[in-house]
Amino acid sequence: MAELLTAINVTRGVRLTECGRVADNFYTRLVGLLNDKHPLEFGGALWIVPCNSIHSMGMRFVFDAVFLDKNLRVVHLVHEMKPWRISKMVFSAHSVLELPAGLISQTATAMGDQFEMRKGIFEGIR
């Protein structure tokens, strides 16, 4: 069984992910997206909790990143982070949502927007 994430920008009334993953322990936060052979696809994401800085060392694709405070309000945005980069440390951030490149612009996500995260369980096909 895997835990799936739905991320909703409540301010804009738009769903950014429907089948995201949560990285909330040492191992999943350490690995992040490094094991992903393909770029994030529509509906996919990685929510890293806790987190206030990210990197793209070893990655082979571009992605967007939404930095959220403890109340899930947007406090910083990174559009199309390229491989082999390090973000600035965002002291007010408590988590980061990594998304397919271009999704921040496509959804008009902006500073101060309010997010809602819904976790669910995926048991696979039987």
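**Reading contacts, cores and ring pairs**

Modeller: Leaving aside neighbours within four places in sequence, Trp47 is in contact (heavy atoms within 4.5 Å) with Leu5, Arg21, Val22, Ala23, Leu68, Leu72, Ser95, Val96, Leu97, Met117 and Lys119. This is a predicted model, in which local features need pLDDT of at least 70 and side-chain atom pairs count only at pLDDT 80 or more, while totals for chains, interfaces and linings use all residues. Residues are numbered from 1 along each chain as its sequence is written, and side-chain values use heavy atoms, with hydrogens and water left out.

Biologist: Which residues touch the most other members of the largest nonpolar core?

Modeller: A nonpolar core is a set of buried Ala, Val, Leu, Ile, Met, Phe, Trp, Tyr and Cys residues joined through side-chain atoms within 4.5 Å; buried means under 20% relative accessible area, exposed over 50% and partly exposed in between (1.4 Å probe, protein chains only). Of the 18 residues here, they are Trp47, Val66, Leu68, Leu97, Leu99, Phe115 and Met117. A second, separate core of 16 residues includes Ile48, Phe61, Ala65 and Val90.

Biologist: How many aromatic pairs are there?

Modeller: A pair of aromatic rings is described by the distance of the centres and the angle of the planes. Rings of Phe, Tyr and Trp (its six-membered ring) pair if their centres lie within 6.5 Å; planes under 30 degrees apart count as stacked, over 60 as edge-to-face and the rest as tilted. This rule gives one aromatic pair. Phe61 and Phe63 form it edge-to-face, at 6.5 Å centre to centre with 65° between the planes. Both Phe61 and Phe63 are buried.
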